[in-house]
Amino acid sequence: MSAAPQASCQSYSISTSGGYVHYTECNTGSGTTEEGYVRDMDADGQCAYVYTTLNATGTIRDQAKACPKGTETYFSWYYPGYAPAQVQVYLREA
């Protein structure tokens, strides 16, 4: 009997003038998981948004927002059948 493949994980951070996201991306062998939090860092009336697209299509797949300043929102998204290179993670303010 063979053991199940181990997940390969790497952590990333992205920041803007008023937002911050920290997440861990894991390749499970059958898909990719993106898990972390987004934080609003500025009292500017805008929210911080973390979102994903797949295969550089530009179409938003999942999104989480944090606002007002100091708010953290946690997220956990799974993309079955997608390798990490196929999932793009972005941070924006609006």
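## The loop between β4 and β5

In this predicted model, N55 lies in the loop that runs between β4 (48–54) and β5. The phi of N55 is positive, about 55°, although N55 is not a glycine. N55 is partly exposed, with a relative accessible area of 42%.

A56 is also placed in the loop between β4 and β5. The phi of A56 is near 55°, again a positive value in a residue other than glycine. With a relative accessibility of 61%, A56 counts as exposed, the cut-off for that class being over 50%.

## The open sheet

Four strands make up an open sheet, arranged in the order β1-β2-β3-β6 with antiparallel pairing. At the edges are β1 (8–15) and β6 (72–80), each of which pairs on one side only. From one strand to the next, the twist averages 15°.

## Pairing of β1 with β2

The strands β1 and β2 run antiparallel and are joined by eight bridges. Within this pairing, S11 has T24 of β2 as its bridge partner. The two strands, β1 and β2, form a hairpin, and three residues lie between them.

## Pairing of β2 with β3

Strand β2 covers residues 19–27 and strand β3 covers residues 31–40; they pair in the antiparallel sense over nine bridges. Two of the bridge partners can be located by residue. Y20 has R39 of β3 as its bridge partner, and V21 has V38, likewise in β3.

How many residues lie between β2 and β3 in their hairpin? There are three residues between these strands, and G29 in the turn has a positive phi of about 95°.

Which residues does the cis peptide bond join? The bond links C67 and P68, and its omega is about 0°. P68 is located in the loop between β5 (60–66) and β6. In general, most peptide bonds are trans.

Terms used. Residues numbered from 1 in each chain as written. Predicted model: local features only at pLDDT ≥ 70, side-chain atom pairs only at ≥ 80, totals over all residues. Heavy atoms only, no water. Pairing = 2+ DSSP bridges. Axes fitted to C-alpha atoms, helices over the stretch in contact; angles between N-to-C directions. Buried < 20%, exposed > 50% of the residue type's maximum accessible area, 1.4 Å probe, protein only.
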